[in-house]
Amino acid sequence: YEPAQQHNAFVETVDQRLTKDLSFFGEGYYSNRRAQFLNLANQSPASTQDLQVQVPTRNPYYPVGAPTNLVVNYNMGLEVPPFTAATELADRYLFGLNIDLPGDWKGRIYYSETFNGTHTDTHAVNPNAVSAALGWTIPAGFAAGTTPAIGTWTKPGAVPYLNLFCDPRTVVCNAQSTLDYVTGRRLSTANFWFNEKGINFDGPLFSLPGGDVKAAVGATYTSERWLYQQFDNTKVPSLLTPQLQESKGAQFWAVFTQLNIPLVGEANSFLLVDNLEFEASWRHDQYSDVGGTSNPKIGFNWTISRDIGLFVRGDWGTSFRAPSFAEQSAIVGNVISGINIPNFVSNRAVTIDCGAGAGSLSDRLQNPGAGFIGWAGVVGQN
């Protein structure tokens, strides 16, 4: 169910009273996780690495006497298994002061930093390298994005032809140098870093028959940075490795306050009202990239009977969540890959338009000798 993993982690917490009214607190952790696995059939690239390609008659393994234009279905996953190695490095530290103030008020000041970085490296076949290894001449391609224009190309003479008329379950069908030639790599790195500073105070204001009216106020300042990189030559028209990279930074500050008003408590409870408390809060967030937003909230907690555990609660408010880096990015996608179940969310990322028209990738897999027109990069959002 889960891949092979190695995990090292360290966690520490500390609390120290400095004076009668002042104490220090801190916490931190470090985590280093590594995993290795063969991709499943419902992952990308799939474990089967299925090919459906036309083989040229110049291929030395072409069956003698067979008609021309043979199309072969072949499972490359037996010889080039889509192996993935992944790492995740994470660390966080937090420290601050707890302060006892006059009038039973308390305060907290804190500072924290969090980092998380992931890296994956997957091996998978490059369909155009497969065509070249079979003996086709791959047509020229125009520049697209970070990929430069290329001329026509064929496999190097030192690389043996690819043999698809063979059963790799029983014999060695292809030289390792040929398998290395058709194997591409998909590397991705995603790093994010958070820094937060905050202060908050809370305590009683005055007393009512139902209890103490309490208030809280606070503020935070947060800085965020993200970096995403991808190198992938498993889906490109040549063996060149285009680089996709995007980085972003943002800051936001927030102020907030809350008021708790107990109207009914033990001292003044009556039939069907053991406790009744109202809450009101307000928060303002100011983002460096999407502007500011203010959001109120009001609510109540009504205890009808403590003996039978009967409560009524209600609230009303507004809220706002700034879009995440992945939601704003043109190249980062969100993927949910179930284990042993079909994918139920499609990948949202930069893709190549592989229409079935002449000159498209799907057409060239059927007929690699067809003329190549060009590539169109699109952002697929499913």
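**Talking through the predicted model**

Colleague: What makes you say helix 1 is largely enclosed by the rest of the structure?

Modeller: In this predicted model, 8 of the 8 residues of helix 1, residues 127–134, are buried, so the helix is largely enclosed by the rest of the structure. The buried residues are Pro-127, Asn-128, Ala-129, Val-130, Ser-131, Ala-132, Ala-133 and Leu-134.

Colleague: What goes on at the start of helix 1, and what just after it?

Modeller: At the start, a side-chain oxygen of Asn-126 comes to within 2.8 Å of the backbone nitrogen of Asn-128. The cut-off for a polar contact is 3.5 Å. Just after helix 1, Gly-135 has a positive phi of about 125°.

Colleague: How do you know that Cys-166 and Cys-173 form a disulfide?

Modeller: Their sulfur atoms are 2.0 Å apart, and the cut-off is 2.5 Å, so the pair counts as a disulfide. The structure holds 1 disulfide.

Colleague: Why is the disulfide of Cys-166 and Cys-173 called left-handed?

Modeller: That comes from the torsion about the S-S bond: the angle is about -80°, so the disulfide is left-handed.

Colleague: And why is Cys-166 called partly exposed, while Cys-173 is called buried?

Modeller: Buried means under 20% relative accessible area, and exposed means over 50%. Cys-166 has 24% relative accessibility, so Cys-166 falls in between and counts as partly exposed. Cys-173 has a relative accessible area of 9%, so Cys-173 is buried.

Colleague: How do you know whether Ser-223 is buried or exposed?

Modeller: The relative accessible area of Ser-223 is 14%, and the cut-off for buried is under 20%, so Ser-223 is buried. You'll find Ser-223 in strand 8, residues 211–232. Leaving aside residues up to four places away in sequence, Ser-223 touches Trp-193, Phe-194, Asn-195, Ala-250 and Gln-251.

Colleague: What makes up the lining of the second largest pocket?

Modeller: The pocket has a volume of about 200 Å³ and 14 lining residues, with Glu-224, Trp-226, Tyr-287, Ala-322 and Pro-323 lying nearest its centre. Strand 8, strand 9 (243–264) and helix 3 (325–328) supply at least two lining residues each. Strand 9 gives the most, with 4 residues.

Colleague: How do the residues of that lining divide into nonpolar, polar and charged?

Modeller: The lining has 8 nonpolar, 3 polar and 3 charged residues. Trp, Tyr, Ala and Pro count as nonpolar and Glu as charged, so among the residues nearest the centre, Trp-226 is nonpolar and Glu-224 is charged.

Technical notes
Residues are numbered from 1 along each chain as its sequence is written. This is a predicted model: local features need pLDDT of at least 70, side-chain atom pairs count only at pLDDT 80 or more; totals for chains, interfaces and linings use all residues. Side-chain values use heavy atoms; hydrogens and water are left out. Buried means under 20% relative accessible area, exposed over 50%, partly exposed in between (1.4 Å probe, protein chains only). A polar contact is a pair of N or O atoms within 3.5 Å; within protein, one must be able to donate a hydrogen and the other to accept it, and residues adjacent in sequence count only if both atoms are side-chain atoms. Contact means heavy atoms within 4.5 Å. On a 1 Å grid over the protein atoms alone, a cavity is a set of points where a 1.4 Å probe fits but cannot get out, and a pocket is an open set with protein on both sides within 12 Å along at least five of seven lines; lining residues have an atom within 4 Å of a point. Grid points are joined across faces, edges and corners, and a volume is the space filled by probe spheres set on the points.
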